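Student: I would like to go through a model and ask what its labels rest on.
Tutor: Good. Ask, and we will set each value against its definition.

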Amino acid sequence: MHIDVIDTFDALKGVHDAWNSVYDADPEANFFLTYQWIDEWLDFNRGPWFVLAAKRTKDSADYVAFLPLRMRAKYDKDVGLYNQVYFAGAQFSDYAGVLCRPEAEDDALRAFATHIKRKLSWAEFSLD
């Protein structure tokens, strides 16, 4: 499984059709994972964001899962500054999480977890 990192609105617009296709295939999808809601929310609530986008191979054009995330700096008096990664819609939507084709769920979640663990600099990952 290959993970692309989408972190600009132009790149997000480039996966609009793929997002809608995955949304249509995901039986757990809801309003807060629609392309329209995510796009408008990220534009309204400015700050660091990115979407992890999974596809079977690097050369594949077909995405099988999307995970919209945000990152923010937090402060702890004992530790100092650290990064927190959290769902893009957390605390502002009824649901936040992964958008995924059911047949790719296990592989995509494993690939997302590996990417988050190895490629991102964070001390806290919030699943609210």
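Student: How do you know that Trp41 and Phe44 are about one turn of the helix apart?
Tutor: Both residues lie in helix 3, and they are three residues apart. Helices here are DSSP runs (H or I, at least four residues), strands are E runs of at least two, and both are numbered from the N terminus. Before we go on: this is a predicted model, in which local features need pLDDT of at least 70 and side-chain atom pairs count only at pLDDT 80 or more, while totals for chains, interfaces and linings use all residues. Residues are numbered from 1 along each chain as its sequence is written, and side-chain values use heavy atoms, with hydrogens and water left out.

Student: How many aromatic pairs does the structure hold?
Tutor: There are 10. One of them joins Trp37 and Trp41, with 5.6 Å centre to centre and 15° between the planes.

Student: Why is the pair of Trp37 and Trp41 called stacked?
Tutor: Rings of Phe, Tyr and Trp (its six-membered ring) pair if their centres lie within 6.5 Å; planes under 30 degrees apart count as stacked, over 60 as edge-to-face and the rest as tilted. Trp37 and Trp41 have 5.6 Å and 15°, so they are a stacked pair.

Student: Where do Trp37 and Trp41 sit along the helix?
Tutor: They are four residues apart in helix 3 (residues 35-44), so about one helical turn separates them.

Student: What makes the pair of Trp41 and Phe44 tilted?
Tutor: The centres are 5.8 Å apart and the planes make 40°. Phe31, Phe32, Trp37, Trp41 and Phe44 form one aromatic cluster.

Student: Is Trp41 buried or exposed? And Phe44, buried or exposed?
Tutor: Buried means under 20% relative accessible area, exposed over 50%, partly exposed in between (1.4 Å probe, protein chains only). Trp41 has 13%, so Trp41 is buried. Trp37 is buried too, at 13%. Phe44 has 66%, so Phe44 is exposed.

Student: How do you know that Arg72 lies over the face of Tyr86?
Tutor: A charge sits over a ring if NZ of Lys or CZ of Arg is within 6 Å of the ring centre and within 35 degrees of the ring normal. Arg72 is at 4.0 Å from the ring centre of Tyr86, and it lies over the face.

Student: Which residues touch the most other members of the largest nonpolar core?
Tutor: Phe50, Leu52, Ala54, Ala65, Leu67, Leu69 and Phe112 do, out of 21 residues. Strand 3 (63-76) is one of the elements that supply at least two residues. Its share, five residues, is the largest. Such a core is a set of buried Ala, Val, Leu, Ile, Met, Phe, Trp, Tyr and Cys residues joined through side-chain atoms within 4.5 Å.

Student: Why is Val51 called buried?
Tutor: Val51 lies in strand 2. Its relative accessibility is 0%, so Val51 counts as buried.
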